[in-house]
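Good morning, everyone, and thank you for making the time.

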Amino acid sequence: MAKQNVAEQLVDILARAGVRRLYGIVGDSLNPVVDAVRRHSGIDWIQVRHEETAAFAAGAEAQLTGRLAACAGSSGPGNLHLINGLYDAHRSMAPVLAIASHIPSTEIGTGYFQETHPDQLFRNCSHYCELISNIQQMPRVAQTAVQHAVGRGGVSVLALPGDIAGQQAPDRPIEHALVTSLPTVRPGDAEIEELARMVDEAKTVTLFCGSGTAGAHDEVMRFAERVKSPVGHALRGKEYIQYDNPYDVGMSGLLGYGAAYEATNECDLLILLGTDFPYNAFLPTDKKIVQVDVRPEHLGRRSQLDLAVWGDVRETLHCLIPRVKAKTDRRFLDRMLKKHADALEGVVKAYTRKVEKHIPIHPEYVASVLDDEAAPDAVFTVDTGMNNVWAARYLTPNGRRRVIGSFTHGSMANALPQAIGAQFLDRKRQVIAMSGDGGFAMLMGDFLTLVQYDLPVKVVVFNNSSLSMVELEMMVAGLPSYGTGNRNPNFAELATVAGAYGVRVEKPRQLHGALKDAFKHKGPALVDVVTDPNALSIPPKIRAEMVSGFAVSASKMVLEGGVGRMVQMARSNLRNVPRP
């Protein structure tokens, strides 16, 4: 076997760990790594226009597959640009390895050109961040980085000086099998028995589900039926738990709707399943609470627990269901289902009247039509801000669709770069970026990446020429809006000039046809929809002590927003309630 340099050895390790793409921008200190990728048959170099896009794309790929993904940035400003996307990946528990190439090792500490300290810069957004300063650290440090990212779910960063990357790797490297998948974590018998006792003693139980319920839909439904429990969810749990769910009472939190808040606050026992729900003001303080999570550091950091259970949701419920007594009284469940249906019936009217004629177009109507026209297995990437509201309320999960966004980190401009990572995974699968005009403009340069690789991503820009979420924050604070207006170009014309398909929609009757045509186009496409910046009115009453700043504005908005197909779902569930 020919001798390898350090960069070649690192690329080999990434390939063995399942990495198939390395997103980034070339640069002097990164040249040995890029050249190693060029000569490796198992990994492709994906050139983007901004390193932040590289990190977001890798994070999206990791979220969709659960496998390790990778990105890279050259020394100084190059790798520094990765940091926002890496923060998002880390907070989304996406396994990503970032290569932060570095200045020559002999110049570290001298104030050299482009000198930073990446081994320090990325510590707060990674589980593992180390400098390779000697070839003898390889391959152990790289293998350790892989195992931290995969095993703990998050980011690892390797700071690699360009001169070290080009040196010959050790003759007898210490290599071992890599950890590339997660184990099943089963709680202890004592915790299972105690949880069963608490469930049996409680007259009413509510389940509140997060992204940790991925793969546990059937078990959650079986348990809900056995204990006659309403099932609410956080935003990140929506895609995993809302579909085929006759116990659904909606979503709690800043973008909440339906009866989820009542169900979580009026039960005897609240069970939090796989959620690190951050808004403790929406959780009860006078009820018994159990939390089940595979990450022990999440247990109890949002609310006071009566029982903490360390384990997978699926495995925990698998062990628990046979041990709890079946409940027969479904009055609490039926009351919450009725509240849920009534709540949705009440708010859906606000934005379903004459929306087909309203100009500028209601953004709710755009989201509703988008949901109708999208493929049943589409991947949606959603910009932070108002588009989170539309995604939460109008995208219909079915167990096949995926919805990802910057739901924990809350970054702008995530939708387009995440769509790049999602589309590289499968060019035949429909990928739709739900972009705000502000978010799209922020990383608009990487629309050219779609064109360069002929990626068939469909970008739908909700163009209200405003940073409207910030505008609402200002309104709630009693301030006049200032600095929130955007003077936008015709994004569709820009897309056309760039070599993609572009269409602008200014009237509701054009929307269905425009989306159909864009979705039929085989390459990248952009639909620039001019939406109403004043679509939402604020209801007169809300519990202000529950939220502040962004929370107040978001909560006020969604209380009167539409809810799409969820009202039909609620009506369907309500039909299952026995009549006296």
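This is a predicted model: local features need pLDDT of at least 70, side-chain atom pairs count only at pLDDT 80 or more; totals for chains, interfaces and linings use all residues.

**A helix on the inside**

Let me begin with helix α17, whose buried residues are A415, L416, P417, Q418, A419, I420, G421, A422, Q423 and F424. Helix α17 covers residues 415–425, and because ten of its eleven residues are buried, the helix is largely enclosed by the rest of the structure.

If we now step back to the whole protein chain, we find 24 helices and 19 strands, and of the 580 residues in the chain, 59% are buried. The accessible surface of the protein chain comes to about 23,500 Å², and carbon and sulfur atoms account for 50% of that surface. When we take the contacts in the chain with a separation of 6 or more, 74% of them are between residues 24 or more positions apart.

Next, please find helix α9, residues 189–201, and helix α13, residues 313–320, whose axes come within 10 Å and cross at roughly 65°. Which residues make the contact here? On the α9 side they are I192, L195 and A196, and on the α13 side they are T316, C319 and L320. Sorted by class, this contact of α9 with α13 has five nonpolar residues and one polar residue, with no charged residues. As for handedness, α9 passes α13 in a right-handed crossing.

Terms used. Residues are numbered from 1 along each chain as its sequence is written. Side-chain values use heavy atoms; hydrogens and water are left out. Axes are lines fitted to C-alpha atoms, for helices over the stretch in contact, and angles run from 0 to 180 degrees between N-to-C directions. Helices (H or I, at least four residues) and strands (E, at least two) are DSSP runs, numbered from the N terminus. A crossing is left-handed if the near helix is turned anticlockwise from the far one by less than a right angle, and right-handed if clockwise. Contact means heavy atoms within 4.5 Å. Ala, Val, Leu, Ile, Met, Phe, Trp, Tyr, Cys and Pro count as nonpolar, Asp, Glu, Lys and Arg as charged, and the others, Gly among them, as polar. Buried means under 20% relative accessible area, exposed over 50%, partly exposed in between (1.4 Å probe, protein chains only). Accessible areas come from the Shrake-Rupley method with a 1.4 Å probe; for residues, only the protein chains shown count as cover.
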